[in-house]
Amino acid sequence: MRMKVISLAVVLLMVVVEASGVVENKNAEVKKKKNAYATMMYMGTPRDYEFYIAMRVMIHSLSHLKVDADLVVIASLDVPLNWIQALEQEDGAKVVRVENIKNPYRSYRKTRRFKLSFNKLHAWSLVEYERVVMLDSDNIFIRKPDELFQCGQFCAVFINPCIFHTGLFVLEPSTEVFKDMVHKLEAGSNSQDGADQGFLVSYFPDLLDQPMFHPPLNGSKLNGTYRLPLGYQMDASYYYLKLHWSIPCGPNSVITFPGAPWLKPWYWWSWPVLPLGLQWHQQRRQTIGYGGDMSYAIVIQSIFYLGIITLTRMIIPGSISKHFYLRAGKRIILFQTVLKLIATLSILSAYIIPYFVIPHTIHPIMGWSLYLLGVLALSCVIVNALSLPLLPVLTPWLAIIGALLVMACTLYPDGVIRASAVFGYAFCSSPVVWSSLVKILSSVQDLFEREAFLPKLSDITPPTGFNKLY
């Protein structure tokens, strides 16, 4: 009887072990993905942190779309460890550390921005995947584009009629292709822009002649090279023409921002200049948020500016102008010129300094609020210190508010009308701003002459005994 019990226990134990093994195998199969969305990150540019934030937002947006693929970050070895940990632990990305691929086209003046963009070629070394969609960080996803994994060995979008864009492309990883690319790169293969796009255009010179990609309905993968429909890389400039998307070529899936680097959507000043900037910040708010550190910076700056406005009343009005008069002596004309120059530069500084102290990737509404508050605070100091008229000094401030309202208006039927309204506002407000500057300089001149004349009146003493007119 005891032997039967022991045998039964052994059998049950074997069943449990086998069942657990099956569960583990199933979990491993679930976790293992055949395809991947990949992006890259390297250090050494003035905007490393901004692109790091943009990449995290893009990764989270893909996660929220529940894409059926791994999220891979190709990171250079000098990327900070805390960034790597955030990508892996908070964003769920797989980080692949790589050696930098040196840019042989350093003689190009524009290559500082793209000096390590050839790290993108490491995507061909991700041979554990059947297909990889390589992405730049300035993409916004409207829908899940998993059908791209059905494309062939290389597929890309032609934003330019003759040159495909490498902000998004599909590839089949291959060690042989990767080694061949590195070899041709070291041999000095042609690159029109001194970056990865020019090199890949020369590596796949016949892509323009290839057929358009249409995903097979049975889910099978294609072979060969294909052009991707424009809907997979919708240039933001197309939106600004009509203020809505109307791309008839392919599903409207991905928005890209290939324009000037200082007008990328994550910068607070990009909106309302570019209306889509607010859409990117909405994705950030819904994904990684803005963090406690940025909130503290906003509060500290707000308190600082409000404190400046409060303490401005402690400055003796006109103290700087009076100081200049007392030292002028016979060099009045020279000191008048210097005082006008100081007034002009001070006003310009009041409008420039707040721009540099605001966190670049803050929400646009908060960014513009801090900027306007900072300009107001510094302008109050200048007005009080130089005894300048308040309204002319704040005229550009009011003009900026008006420009923001004109650009942020959502009633325009298309982008042409919006651009015309902005141009018309600028045309009408420019003379007003110029006249305010003229009034400021005139007030400085009047103030200097008044300070020069009044003391002379106080020095005049009436003759002795002359107290009456008659």
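# Notebook: one chain, looked up piece by piece

**Entry 1: P145.** I started with P145, which sits in the loop between β5 and β6. The model is predicted. Next I listed its contacts, leaving out residues up to four places away in sequence. P145 touches Y37, Y232 and S253. I also checked D68. P145 and D68 are 77 residues apart in sequence, yet their C-alpha atoms are 9.8 Å apart in space.

**Entry 2: the chain overall.** I counted 13 helices and 10 strands in the secondary structure. The chain has 470 residues, and 46% of them count as buried. Its accessible surface comes to about 25500 Å². Carbon and sulfur atoms hold 64% of that surface. I then took the contacts between residues at least 6 apart in sequence. Of these, 70% join residues at least 24 apart.

**Entry 3: strand β6.** I looked up the pairing next. β6 pairs with β7, residues 165–171, in the antiparallel sense over 4 bridges. β6 also pairs with β8, residues 225–228, in the parallel sense over 4 bridges. In β8, A156 stands opposite R227.

**Entry 4: the sheet with β5.** I traced an open sheet of 3 strands, in the order β5-β10-β9, with mixed pairing. Which strands stand at the edges? They are β5 (139–141) and β9 (234–235). Each has a single partner strand, so one side of each is left without a neighbour in the sheet. β9 and β10 (residues 254–256) run parallel and are joined by 2 bridges. M234 has I255 of β10 as its bridge partner.

**Entry 5: from P272 to α7.** I found a cis peptide bond between W271 and P272, with omega about 5°. P272 lies in the loop between β10 and α7. I then checked α7 itself, residues 277–286. Its buried residues are G277, W280, H281, Q283 and R284. Seen down the axis of α7, they fall within an arc of 155°, so they line one face of the helix.

**Entry 6: α11 and α12.** I took the axes of α11 (residues 364–386) and α12 (residues 390–408). The helices pack at an angle of about 170°, and the axes are 10 Å apart. That makes α11 roughly antiparallel to α12. I listed the contact residues too. The α11 side includes W368, Y371 and L372, as well as V375 and L376. The α12 side includes L390, V393 and L394, as well as W397 and I400.

**Entry 7: positive phi.** Most residues other than glycine have a negative phi. I noted two exceptions. S387, in the loop between α11 and α12, has a positive phi of about 55°. S387 is partly exposed, at 31% relative accessibility. K66 has a phi near 55°, also a positive value. K66 is in the loop between α2 (48–64) and β2 (70–76). Is K66 buried or exposed? K66 is exposed, with a relative accessible area of 66%.

Notes: Residues numbered from 1 in each chain as written. Predicted model: local features only at pLDDT ≥ 70, side-chain atom pairs only at ≥ 80, totals over all residues. Heavy atoms only, no water. Pairing = 2+ DSSP bridges. Buried < 20%, exposed > 50% of the residue type's maximum accessible area, 1.4 Å probe, protein only. Arc of directions from axis to C-beta. Contact = heavy atoms within 4.5 Å. Areas by Shrake-Rupley, 256 points an atom, 1.4 Å probe, with all protein chains shown as cover. Axes fitted to C-alpha atoms, helices over the stretch in contact; angles between N-to-C directions. Parallel < 35°, antiparallel > 145°, perpendicular 65-115°, else oblique.
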